[in-house]
Amino acid sequence: MLKSSPSNLAPEQTVQTVRDTAKLEAAVYRKVTLRLIPFLFLCYILSYVDRVNVSFAKLQMQQDLGMSDAMYGTGMGVFFLGYFLLEVPSNMMLQKVGARRWIGPIMIVWGLISSISMFAKTPALFYTLRFLLGVVESGFFPGVVLYLTFWYPRTYLAKTVSMFMSAIALAGAFGSPFSGWIMAKMGHSGGLANWQWLFLLEGIPSAIAGIVALFYLSDGPASAPWLKPEERELLAGSLAREEALKRGQAETRHSMMDAFKSSQVWWFCLVYFGVVVANYFVGFWMPQMIKEGITKDPWQIGFISVIPWGVGACSMIWFGHHSDMTGERRWHLTTALLTAAFFVVLTGIRGLHPALTVAILAFAVSGIMCSISTFWSLPAGMLSGAAAAAGLAWINSVGNLGGFASPYAIGWIRDHSSNPLYPAVLVAACCVMSAGTVLLATRKAQSSVPSAPFSIPTPKSLPDS
């Protein structure tokens, strides 16, 4: 029996059909989200903790190894040189072999490298292990962003990415107290320094999660045994409409080389560079700022760090959802970056009351996290096919060079001046640069997405029955 299309039905039947279809789609995407996002969320928390736990290790490791702030900043940042080199090849490999067989092994290896960082008793070995960690982790984040495009159209993407990336803030909220506890309580237990225990204990969960990923992840809707046939069909139809929409846009790129020829891809590289500079300013240096301005107790530093990261997590989820509901990206991202710039400058002011210091950090982190929550929906909505794999990885790869530049430059400034305002102004200037670049990169196409999940009319646009 042939199914009636909405155009062949009476207005009230059309309204009901659209409503039923919208409810079914919402239910299917809830199912997909509940299946994928909690696990990927946990994996990203582990990834981010293994990446930035050097900020807590610094409280003692720097003294043990006799490194200056500039040297330690180099060790923090050399991670991103390894990250830069292999992101694009890694994303292309994920597209070829699938997420399950790529993300799982990546996590196992980075967990092992993170744990053996406990043996980094010389600056040279510390640099080497950080570089290798960056090489291995390079395939995870851009791979997950690409992986999400295999499941979600643009209508859902910003909110989904913001949910996933709120792991950055929650990694700080949950990881900081644990890291602070290890640094405060585990010193010289079993003959190991506290920072050695930090690397050992925080690397093991990543390796375990990698083993789980080998069995848990599905490469896409077509290979997901936990979906019903009609659910796979609905997802395939939604993604097909998304692909057709992309191919109908003049600026959309599809081949791998198109990604590198696109001027917008390079603009977004610059935007993300500033975002990353700000992100790792707070990620790598917040414990040190709290130590210098509030308390020297590592455990208290960990608990105080929960407040800015917790506020940032809530803010970025709400902000990404608001961007999805309004369908607006350009001014959301610009506003978040300018907010971050303003409050980052305030973090450099000395002598403030501890409560005010924490509040300023919370607003700064929120601005940074909100910019991250909306950024990725712009290039992800612009690229498709091989261009998506290459372009998303290239933007993340070039942008993450800010993760090298930020700790190195701030370490150098701290070695030459004790005034914390100087590095804060530098980071704020990068945020302002990114905000201006967003407006420049999107000046022709006001980057937005449709507010409804279908190209057919929504119930509100139909006649009253």
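Q: Is helix H7 largely enclosed or open, and why?

A: This is a predicted model. In it, 9 of the 9 residues of helix H7 (residues 141–149) are buried, so the helix is largely enclosed by the rest of the structure.

Q: Which residues are buried there?

A: Among them are Phe 141, Pro 142, Gly 143 and Tyr 147.

Q: Ok, rings now. How many aromatic pairs does the structure hold?

A: The structure holds 25 aromatic pairs. In one of them, the ring centres of Phe 39 and Tyr 216 are 5.0 Å apart, with the planes at 45°, so this pair counts as tilted.

Q: Where do those two sit in the chain?

A: Phe 39 is in helix H1 (residues 11–52) and Tyr 216 is in helix H9 (residues 194–216). They are 177 residues apart, so the pair links distant parts of the chain.

Q: Buried or exposed, Phe 39?

A: Phe 39 is buried, because its relative accessible area is 11% and the cut-off for buried is under 20%. Tyr 216 has 28%, so it is partly exposed.

Q: What lies over the face of Tyr 216?

A: Arg 35 does, at 4.1 Å from the ring centre.

Q: And Trp 195 with Phe 199, what kind of pair is that?

A: Trp 195 and Phe 199 are edge-to-face, with 80° between the planes and 6.3 Å from centre to centre. Both lie in helix H9, 4 residues apart, which means about one helical turn separates them. Trp 195 is buried at 2% relative accessible area, and Phe 199 is buried at 3%.

Q: Which residues form an aromatic cluster?

A: Tyr 48, Phe 79, Phe 80, Tyr 280 and Phe 284 form one.

Q: Switching to charges. How many salt bridges?

A: The structure holds 5 salt bridges. One of them joins the side chains of Arg 51 and Glu 137, at 3.0 Å from N to O. Arg 51 lies in helix H1 and Glu 137 in helix H6 (residues 123–137), so this bridge ties together parts 86 residues apart in sequence. Arg 51 and Glu 137 are both buried.

Q: What does Asp 69 bridge to, 3.2 Å apart?

A: That is Arg 414, going by the closest N and O atoms. Asp 69 is in helix H3 and Arg 414 in helix H18 (residues 402–416), so parts 345 residues apart in sequence are tied together. Arg 414 is partly exposed at 22%.

Terms used:
Residues are numbered from 1 along each chain as its sequence is written. This is a predicted model: local features need pLDDT of at least 70, side-chain atom pairs count only at pLDDT 80 or more; totals for chains, interfaces and linings use all residues. Side-chain values use heavy atoms; hydrogens and water are left out. Buried means under 20% relative accessible area, exposed over 50%, partly exposed in between (1.4 Å probe, protein chains only). Rings of Phe, Tyr and Trp (its six-membered ring) pair if their centres lie within 6.5 Å; planes under 30 degrees apart count as stacked, over 60 as edge-to-face and the rest as tilted. A charge sits over a ring if NZ of Lys or CZ of Arg is within 6 Å of the ring centre and within 35 degrees of the ring normal. A salt bridge is a side-chain nitrogen of Lys or Arg within 4 Å of a carboxyl oxygen of Asp or Glu.
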